[in-house]
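Work through the exercises below with the sequence and the model open. Try each task before reading its solution.

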Amino acid sequence: GGATRNYIGRLNQDGTVDAAFNPGANNNVSALLVQPDGAVLAGGTFTTVDGAPRNYIARLKQDGTLDSNFNPGANSFVSALALQSDGALLAGGNFTALGGGTGTTARNKIGRLNPDGLLDQTINLGINNLVYAIVVQPDGKFLIGGSFTTVLGQTRNRIARINSDGTL
């Protein structure tokens with residue numbers, strides 16, 4: 001619409017640019033998810049959003065400003081996001097560490113974050129290659145897709161179904 005936006009913007013229902021929503025990122029945004037409260041979760045290759053450090057994952061308030069209370073961070077890009085019914089967030093990508101603002105806890109390619117952005121310690125799938133897609137099913141199980149060939153040490157060629165407790 002002629003308005004400058006750095007990697008992320010929002011359109012009104014009529015297709016015009018929402019002039020108030022302009023958080024700006026310093027690199028690509030490859031995953032977006034709108035939470036029930038209107039907050040927007042973003043994943044990508046960025047390291048700053050709205051002028052503040054955010055390593056590859058961020059949450060924006062409904063008005064487009066950065067949620068300063070949410071800063072899990074990862075040590076490489078996030079390419080997939082999915083929301084579970086309890087409000088927890090599944091994040092997938094190329095990272096080997098997640099949480100702590102910069103990615104401080106080992107999590108290979110996928111991890112689960114509590115609604116407040118803190119790392120959930122119960123799920124650690126140990127995937128050997130990229131996760132590009134995550135879909136939560138109505139029964140709480142979730143599907144993952146990517147270029148991986150193992151999940152939890154078991155052969156799973158590019159697709160796997162995970163129980164809500166983190167088992168295959």
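The exercises go from the whole protein to one residue, and the model is a predicted one.

**Exercise 1.** State how many helices and how many strands the protein has, and decide whether the protein is as compact as a globular protein of its length.

Solution. Begin with the count: the protein has 0 helices and 15 strands. Next, take the radius of gyration, which is 16 Å. For 168 residues the globule rule gives 15 Å. The two values are close, so the protein is as compact as a globular protein of that length. For the extent along the principal axes, the C-alpha trace spans about 50 × 30 × 25 Å.

**Exercise 2.** Locate Gly145, decide whether Gly145 is buried or exposed, and list its contacts beyond four places in sequence.

Solution. First, find the element: Gly145 belongs to strand β12, which covers residues 142-146. Second, compare its relative accessible area of 16% with the cut-off for buried, under 20%. Gly145 is therefore buried. Third, leave aside neighbours within four places in sequence; Gly145 then contacts Val131, Tyr132, Ala133, Arg158 and Ile159. Last, take Asn28, 117 residues from Gly145 along the chain: the C-alpha atoms of the two residues are 21 Å apart.

Definitions and conventions. Residues numbered from 1 in each chain as written. Predicted model: local features only at pLDDT ≥ 70, side-chain atom pairs only at ≥ 80, totals over all residues. Heavy atoms only, no water. Helix = DSSP H or I, 4+ residues; strand = E, 2+ residues; numbered from the N terminus. Buried < 20%, exposed > 50% of the residue type's maximum accessible area, 1.4 Å probe, protein only. Contact = heavy atoms within 4.5 Å. Rg over C-alpha atoms; globule rule 2.2 N^0.38 Å.
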